[in-house]
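Subject: Structure for you to look at

Hello,

Here is the structure I promised to pass on.

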Amino acid sequence: MKRLTFSFDNGPEPGATEPLLDFLRERSIKATFFVVGDRLDAAGLALARRAHREGHWIGNHTLSHGTPLGREGDAARVAREIGETERLIGPLAHPDRLFRPNGAGALGPHLLSPAAVAYLAANRYTVITWNNVPGDFRPPHEAWLETALATLDAQDWSLLVLHDPFIARMLDRLARFCDALEARGIAIVQSFPPSCILMERGVATPELAACVTPASGVAPAEAQPSHPSQRGQT
Ligand SMILES: [Zn+2]
């Protein structure tokens, strides 16, 4: 049976995460929220606590969601981006210590530096990527639905990335998407497809090498989210 896993990145976002959680509860869907540390102020933490209480998994999506760690990832920055976020997440963290690097939706060596890999291994993180990023964060935002369906039709197990602030404004489309999954007989699961796991409790998988900057080289140049309006990107 084909499977689909939901993940929601870049929150929590007051005003958006609440209706999204309401929707997921109504549909009995369990997902993972990969949260950004800088968003875990009192209001953000309250939303993460609610998500955790309602059965969702909480993962670490860096502190600043800035330059990907494969491009700017010395040991000190890595420890701050990952370690400080994990400290903020505290007891809400999944026991496998889920971490998702940011990288503007693209997979590749820009995601992690050798220092990041060393840190993630030493601290026994489980590193999760994605295989379905339909672009709810970029105009025309509504087009994510068709893009997501076209992508998953070619997959056995789709790990979908959506973003709290954008999808919360399109819950009608999310409902249509869930109906389409049901019509296709696709099961919604909370776990992750093996092809999207770079490390498992600190142990590298065969998928890791393609997502690490070579120790001697610099990752190829690529557009990066730097402007605040691009914060919605994966
Ligand atoms: Zn992101």
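Which protein donors does the zinc ion have, and how far from it do they lie? Please keep in mind that this is a predicted model. In it, the zinc ion has three residues as protein donors: Asn 10 through OD1, His 61 through NE2 and His 65 through NE2, at 2.0 to 2.3 Å. Along the chain, the spacing of these donors reads N-x50-H-x3-H. Asn 10 sits in the loop between β1 (3-9) and α1 (17-26), while His 65 sits in the loop between β3 (57-60) and α3 (75-89), so this pair ties together parts that are 55 residues apart in sequence.

Are Asn 10 and His 65 buried or exposed? Both are buried. For His 65 the relative accessible area is 7%, and because buried means under 20%, His 65 falls in that class. The backbone of His 65 is worth a look too: phi is positive, about 50°, although the residue is not a glycine.

Arg 124 is another non-glycine residue with a positive phi, here near 55°. You will find Arg 124 in the loop between α4 (114-122) and β5. Its relative accessibility is 48%, so Arg 124 counts as partly exposed.

Next, the cis peptide bonds. One runs from Gly 11 to Pro 12, with omega near -5°. Another cis peptide bond joins Pro 139 to Pro 140, with omega about -10°. Pro 140 is part of the loop between β5 (126-128) and α5 (144-153).

Now to the helices. Two packed helices are described by the angle between their axes and the distance between the axes. How do α1 and α7 pack? The axes of α1 and α7 (residues 171-184) are 11 Å apart, at an angle of about 25°. Angles under 35 degrees count as roughly parallel, and that makes α1 roughly parallel to α7. The crossing of this pair is right-handed. On the α1 side the contact is made by Pro 19, Leu 20 and Phe 23, and on the α7 side by Leu 171, Leu 174, Ala 175 and Cys 178. Sorted by class, this contact has seven nonpolar residues, with no polar and no charged ones.

Helix α1 also packs with α2 (residues 42-53): their axes come within 11 Å and cross at roughly 5°. The two are therefore roughly parallel to each other. Which residues meet here? From α1 they are Thr 17, Glu 18, Leu 21, Asp 22 and Arg 25, and from α2 they are Leu 47, Arg 50 and Ala 51. The contact of α1 with α2 has three nonpolar, one polar and four charged residues, whereas the contact of α1 with α7 has no charged residues.

Last, a note on Ala 209, which is found in the segment after β9 (203-204). Ala 209 counts as exposed because its relative accessibility is 63%, where the cut-off for exposed is over 50%.

I would start with the zinc site and then turn to α1.

Best wishes

Terms used: Residues are numbered from 1 along each chain as its sequence is written. This is a predicted model: local features need pLDDT of at least 70, side-chain atom pairs count only at pLDDT 80 or more; totals for chains, interfaces and linings use all residues. Side-chain values use heavy atoms; hydrogens and water are left out. Helices (H or I, at least four residues) and strands (E, at least two) are DSSP runs, numbered from the N terminus. Buried means under 20% relative accessible area, exposed over 50%, partly exposed in between (1.4 Å probe, protein chains only). Donors are N, O and S atoms within 2.8 Å of the metal (3.2 Å for Na, K and Ca); water is not among the atoms, so sites may look incomplete. Axes are lines fitted to C-alpha atoms, for helices over the stretch in contact, and angles run from 0 to 180 degrees between N-to-C directions. Angles under 35 degrees count as roughly parallel, over 145 as roughly antiparallel, 65 to 115 as roughly perpendicular and the rest as oblique. A crossing is left-handed if the near helix is turned anticlockwise from the far one by less than a right angle, and right-handed if clockwise. Contact means heavy atoms within 4.5 Å. Ala, Val, Leu, Ile, Met, Phe, Trp, Tyr, Cys and Pro count as nonpolar, Asp, Glu, Lys and Arg as charged, and the others, Gly among them, as polar.
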